[in-house]
Amino acid sequence: MTSTRSFQTGITHRPSAVVAATGAHDVVAALARAGRDGLTVTVHSTGHGLRHPCEGGLLIDTAAMAGVTVDPGTRTARAGAGATWGDVVAAAAPHGLRPPHGSAPSVGVAGYLSGGGLGLTVRADGWAADHVHAVELARAGGTVRVSAASDPRYFARLRGTGPDDGDVVTAVVVGLLGSDGLVGGGLVRVLGAADSPGDPAALHAWADWTATLPDDVTSGVSVVPYPDLPFLPAHLRGRRVLRVGVVGTGGPGRTDALLAPLRAAVAWDDDTVAPLDPRESARVYAEPEFPHAYLGDDLLVDGLDPDGLDRVVSRTGPMVVTGIRHLGGAAGRAPAVADTVRGRDAAHCVNVLAPFGDDAVPAPVAWREVDHVLDGFAARATRERSHPAFRFGPPRPDAG
């Protein structure tokens, strides 16, 4: 048997049994049965971060547990384990509120928060896990609700590392943010043909611009060498494209003033930065919305090596997507309530993805291409070195 729907198509579950849970009671029963039968347990929601398949054990699919309720009075939302950020955004927006979500609305809430959550406004508002109020769990003996008051040590683990073995997250309660003054969008520059080295000037201009930004602007950049394939828009086929995603919380006037130097430094081919409805936040980074096979890793760095930036733009060969997120600001400050989020000592997170499989290249080749780009930034790696939420796909061939 293979199951279940997954955004990551390069890894396939092959469980002995599947429980399509509709609530915490189903998860409790499934865990109790797995314990009696000696089955390993794998939990699956959207499959964005899937790295290890279920092989012969019990798969608990939480996709149906997608309910979201919003309390505008306390500015909180309770989201089931199968809810996506798109679900929470849609529920919160009518109240003038938004969650601390990331760049892709289809990502699952529970897994994202367990890994820390690098949100669209991380420099202004901190990591998404900083906003978690409570986590509801199922275990073989029943259910439990964990908060800072009930179990501070475990609560810290849940926010940044994830649950202990044998526990399954069934819902989270997360704080919401105001959406007034939100501005966002993308600046796009076509760097040339995908199979030829590109001009790194625009990438260096973005890196220089981030050096003096105040906390109310969060940005990131991606460099994508698009293959020449018919299903892509004509203006992207066979082109190397740089995209800067920008989100500001200080309103249009202030964000435009802060963006002025970057706009002046580069002749952008497209500029969509404007007042942002949270329900339209996918347009900031314009990430792919279709399931595919991908692998990748990241580095947390205290600065951007110029030679590494040049390597991002100059490399040719199999498709590799490089993303760099600007950290610092609230992302670098200690949380009000202890958690286990990594990356507070970093200035940037560099992440590199590559497609692999039947329609791309073998995984070992894709990993070599990923590591070639990351090696250009390794000299500036922080003590923590990497963030687990940006590791994707099967392990490297030499990882054991």
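**View 1. Histidine 13 in the segment before β1.** In this predicted model, histidine 13 lies in the segment that precedes β1 (17-20). Its relative accessibility is 2%, so histidine 13 counts as buried. The side chain of histidine 13 makes a polar contact of 2.9 Å with the side chain of histidine 44. A polar atom of the histidine 13 side chain also lies 2.9 Å from the backbone nitrogen of cysteine 54.

**View 2. Salt bridge between aspartate 37 and arginine 33.** The two side chains meet at 2.6 Å, N to O. Both residues belong to helix α1 (residues 24-37) and are 4 residues apart, about one turn of the helix. Aspartate 37 is partly exposed, at 42% relative accessibility, and arginine 33 is partly exposed, at 46%.

**View 3. Salt bridge between arginine 380 and aspartate 302.** The N to O distance in this side-chain pair is 2.7 Å. The pair links distant parts of the chain, 78 residues apart: arginine 380 is in the segment after α9 (363-375), and aspartate 302 is in the loop between β16 (294-301) and α8 (306-314). Arginine 380 has a relative accessible area of 33% and is partly exposed; aspartate 302, at 43%, is also partly exposed.

**View 4. Salt bridge between aspartate 339 and arginine 344.** These side chains meet at 2.9 Å, N to O. Aspartate 339 has 15% relative accessibility and therefore counts as buried. Arginine 344, at 16%, likewise counts as buried.

View 5. The whole structure contains 22 salt bridges.

How values were computed
Residues numbered from 1 in each chain as written. Predicted model: local features only at pLDDT ≥ 70, side-chain atom pairs only at ≥ 80, totals over all residues. Heavy atoms only, no water. Helix = DSSP H or I, 4+ residues; strand = E, 2+ residues; numbered from the N terminus. Buried < 20%, exposed > 50% of the residue type's maximum accessible area, 1.4 Å probe, protein only. Polar contact = N/O pair within 3.5 Å; in protein donor to acceptor, adjacent residues only side chain to side chain. Salt bridge = Lys/Arg side-chain N within 4 Å of Asp/Glu carboxyl O.
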